[in-house]
Amino acid sequence: MIILSIILLIAGFVMLVKGADWFVDGAASLASRLGIPQLVIGLTIVAMGTSLPEAAVSITAAIKGNAGISIGNVVGSNILNILIILGITAVMVSVAVQRSTLFYEIPFMLVITAVLLVMGVTGQVVTRVEGIILLLLFIVYLVYLYFLSKQSKDEEPEGKIEMPVWKCLLLIVIGGVLIVLGSDFAVKGASEIARMFGVSERFIGLTIVALGTSLPELVTSVTAARKGNADIAIGNIVGSNIFNILFVLGVSAFICDIPYAVSFRLDAVIGILAGVLLWLFSIRKRELRRGGGVAMLVAYAVYFVYLCQ
């Protein structure tokens, strides 16, 4: 059994790495081929693609009438996305941050996180009406991305076109499938190994499963940054967080009311503070550097100690 779990874990990581490689290559080439800014590709295709695990977990839970896990899944993943994933990425390589990301996307992410907090505090539940509000905000966000693409199109340097559009799309689809399947395999394998060594279910949920659903963002962001596609790396995380709140929770709340436990209030505040840290560490040089990455990792360590109390 342990051998099978190890094989599953290794296969998951191989699929994640290769899938992320193809996904980033396809997305970057598509941006170059169509003249679309890499930031827009990162905020849309890459962000939504790497958020598939969170979307699958939350929406499926809502359909099955167990929507209580939706808030924790999304808020927890968003905190981990910023503090752990961008922290690790920045430690490995400096991540350039576009002006629009600093002054529009990150503030928008902070605002909608605060909106979610208010929705939860006012009734301890996110209702269907509030779900519709989140979906309407998601439409507003898509309209913004459309105009961002139009305004930035002429500013992007033309890259070398290496592959046709159909091949770019094929790499994106195959890479995305490998990322999601690889994430699932890695989580299952790691969880089984942990159980065999007597690790508690709570610890597994707070660490392995939480990180597992964010593995697509981690591998994709690191791969993109190392390949010099920094706009995709930062856009992936900010876009994923926006997508998680507006679309994933919007759809989940539209299906059924989502309970908002009192404990989630502090988590939402931590999510806002994580976004503020990202902004503060990036604003001076328009770049998230190693020092900022280390500080964000330390911040998550403190949060993790709190969770384990």
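The model is predicted, so local features need pLDDT of at least 70 and side-chain atom pairs count only at pLDDT 80 or more, while totals for chains, interfaces and linings use all residues. Residues are numbered from 1 along each chain as its sequence is written, and side-chain values use heavy atoms, with hydrogens and water left out.

The overall make-up comes first. The protein has 11 helices and 4 strands; these are DSSP runs numbered from the N terminus, with helices being H or I of at least four residues and strands being E of at least two. Of the 309 residues in the protein, 49% are buried, where buried means under 20% relative accessible area, exposed means over 50%, and partly exposed lies in between (1.4 Å probe, protein chains only). A contact means heavy atoms within 4.5 Å. Among contacts between residues at least 6 apart in sequence, 85% join residues at least 24 apart.

The next topic is the interior. A nonpolar core is a set of buried Ala, Val, Leu, Ile, Met, Phe, Trp, Tyr and Cys residues joined through side-chain atoms within 4.5 Å. The largest such core has 78 residues, and Ile 71 and Leu 278 touch the most other members. Helix 9 gives the most to this core, with 12 residues. Setting aside residues up to four places away in sequence, Leu 278 touches Ile 82, Leu 86, Ile 106, Ile 234, Val 238, Leu 288 and Met 296.

The structure also holds 1 cavity of 30 Å³ or more, and the volume of the largest cavity is about 80 Å³. On a 1 Å grid over the protein atoms alone, a cavity is a set of points where a 1.4 Å probe fits but cannot get out, and lining residues have an atom within 4 Å of a point. Grid points are joined across faces, edges and corners, and a volume is the space filled by probe spheres set on the points. The lining of the largest cavity includes Val 75, Ile 82, Met 109, Asn 241 and Gly 271. Helix 4 (68-92), helix 5 (99-123) and helix 9 (230-255) each give two or more residues to this lining, and helix 4 gives the most, with 4 residues. By class, the lining has 6 nonpolar, 4 polar and no charged residues. Here Ala, Val, Leu, Ile, Met, Phe, Trp, Tyr, Cys and Pro count as nonpolar, Asp, Glu, Lys and Arg as charged, and the others, Gly among them, as polar.

Phe 243 lies in helix 9 and counts as buried because its relative accessible area is 7%. Phe 243 and Leu 43 are 200 residues apart in sequence, and their C-alpha atoms are 9.0 Å apart in space. Ile 63 is found in helix 3 (residues 52-63) and counts as exposed because its relative accessibility is 61%. Ile 63 and Ile 255 are 192 residues apart in sequence and 6.7 Å apart in space, C-alpha to C-alpha. Pro 37 sits in the loop between helix 1 (2-34) and helix 2 (38-50), and is buried, with a relative accessible area of 2%.

Finally, the cysteines. The structure holds 0 disulfides, a disulfide being a pair of cysteine sulfur atoms within 2.5 Å. Cys 168 counts as buried at 0% relative accessibility, whereas Cys 256 is partly exposed at 21%.

Key
On a 1 Å grid over the protein atoms alone, a cavity is a set of points where a 1.4 Å probe fits but cannot get out, and a pocket is an open set with protein on both sides within 12 Å along at least five of seven lines; lining residues have an atom within 4 Å of a point.
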